[in-house]
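I opened the model and kept notes as I went.

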Amino acid sequence: MHELSERELFDAIHYAKSLDEETGAKIIEQFQLEQPALAEILFGIFPTILVQENQEMAYLFMDLCFDVLCIFQKAFGSLPSQSDMNHEELEKQAVLLGAELQALTKDRHMDEKIRSKLQDRFVKRSLEESVQMGLVNFMNAAIDDFALENASRVPAIEITQTMIFIVIRLFSNLYGSTNKAV
C-alpha cells in the first residue's frame with residue numbers, strides 16, 4: 001500500500017463527502033456484515049470512550065470514521081470480510097491498540113513505567129508502519145475546526161485526534177496486510 005498523493009486523497013475525500021444518506025447507510029451495513037469486530041470498535045467502543053469527554057466530539061468521531069472507511073475503500077478497494085482475515089492478527093492489533101490508547105490517555109491510572117513503554121512502542125510502531133499522514137493531517141484539521149466552534153469541545157481534541165490516528169493506522173495495517181497476502 002502506498003501513501004495517497006494529494007490528488008488521490010482529495011478525490012477520496014470528495015467521494016466520502018458526496019455520498020447520500022442511503023448510500024452511506026448501505027456502506028455501513030456492508031461494513032458491519034463483513035467486519036463486525038472492527039465496526040464494533042469504531043462505532044461502539046471508541047465513541048463510548050469519547051462520550052466521557054464530550055458527546056459532540058464522539059459524534060464527530062463516528063462521522064470521521066465513516067469518512068476514513070469510505071476514503072480507504074475508494075483508494076484501495078474493499079477490505080476482505082472478517083472471516084477471510086487472520087483472526088489472531090486482528091485480535092493482536094486490537095489488543096495492542098487498546099493498550100496503547102490507554103497509555104496515551106492521561107487520566108487513565110497506569111504504572112508510569114508501563115505507560116512509558118506502551119507510549120514508546122506506539123511511537124516506534126507508528127514510525128515503522130505506513131500511515132496515511134495526509135489523511136491524518138486532514139482529519140486533525142477537521143477535529144480542530146469542529147472543536148473551536150464550541151469551547152466545551154476543546155478538552156476532547158487530543159483524545160479525538162489520537163483515536164482517529166489509531167483508526168487510520170488500523171486501516172493502513174489492515175490494507176497493508178491484505179496487500180501482502182495477495
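Is Phe72 buried or exposed? I looked it up: Phe72 counts as buried, at 1% relative accessibility. My cut-offs are under 20% relative accessible area for buried, over 50% for exposed and partly exposed in between, with a 1.4 Å probe and protein chains only.

**Ground rules.** This is a predicted model, so I note that local features need pLDDT of at least 70 and side-chain atom pairs count only at pLDDT 80 or more, while totals for chains, interfaces and linings use all residues. Residues are numbered from 1 along each chain as its sequence is written, and side-chain values use heavy atoms, with hydrogens and water left out.

**Aromatic rings.** I searched the whole structure and found 7 aromatic pairs. Rings of Phe, Tyr and Trp (its six-membered ring) pair if their centres lie within 6.5 Å; planes under 30 degrees apart are stacked, over 60 edge-to-face, and the rest tilted. Phe72 and Tyr175 have ring centres 5.3 Å apart and planes at 35°, so I logged a tilted pair. This pair links distant parts of the chain, with Phe72 in helix α4 and Tyr175 in helix α8, 103 residues apart. Helices here are DSSP runs (H or I, at least four residues), numbered from the N terminus. Tyr175 also counts as buried, at 2% relative accessibility. I then checked Phe76 against Tyr175: the centres are 5.8 Å apart and the planes at 50°, so that pair is tilted too. Phe76 lies in α4 and Tyr175 in α8, so the pair ties together parts 99 residues apart in sequence. One aromatic cluster is formed by Phe31, Phe43, Phe72, Phe76, Phe171 and Tyr175.

**Helix α1.** I compared the length of α1 (residues 6-18) with expectation. Its 13 residues should span 18 Å at 1.5 Å a residue, and the end C-alpha atoms are 18 Å apart, which agrees. The expected span is 1.5 Å times one less than the number of residues. Which residues of α1 are buried? I found Leu9, Ala12, Ile13 and Ala16. Seen down the axis of α1, they fall within an arc of 100°, so they line one face of the helix. That arc is taken from the directions from the helix axis to the C-beta atoms. Their cover includes α4 (55-76) and α7 (133-148), where contact means heavy atoms within 4.5 Å.

**Salt bridges.** I found 5 salt bridges in the structure. The test is a side-chain nitrogen of Lys or Arg within 4 Å of a carboxyl oxygen of Asp or Glu. Asp67 and Lys17 meet in one, at 2.6 Å, N to O. Asp67 is in α4 and Lys17 in α1, so the pair ties together parts 50 residues apart in sequence. Asp67 is buried, with a relative accessible area of 7%. Lys26 pairs with Glu22, the closest N and O atoms being 3.4 Å apart. Both lie in helix α2 (residues 21-34), 4 residues apart, about one turn of the helix. Lys26 is exposed at 53%, and Glu22 is exposed at 55%.

**Arg153.** I ended here. Arg153 forms a salt bridge with Glu56, closest N and O atoms 2.8 Å apart. Arg153 sits in the loop between α7 and α8 (157-181), and Glu56 in helix α4, 97 residues apart. Arg153 counts as buried at 9%, whereas Glu56 is partly exposed at 32%. A network of salt bridges links Glu56, Glu149 and Arg153.

Technical notes
Helix = DSSP H or I, 4+ residues; strand = E, 2+ residues; numbered from the N terminus.
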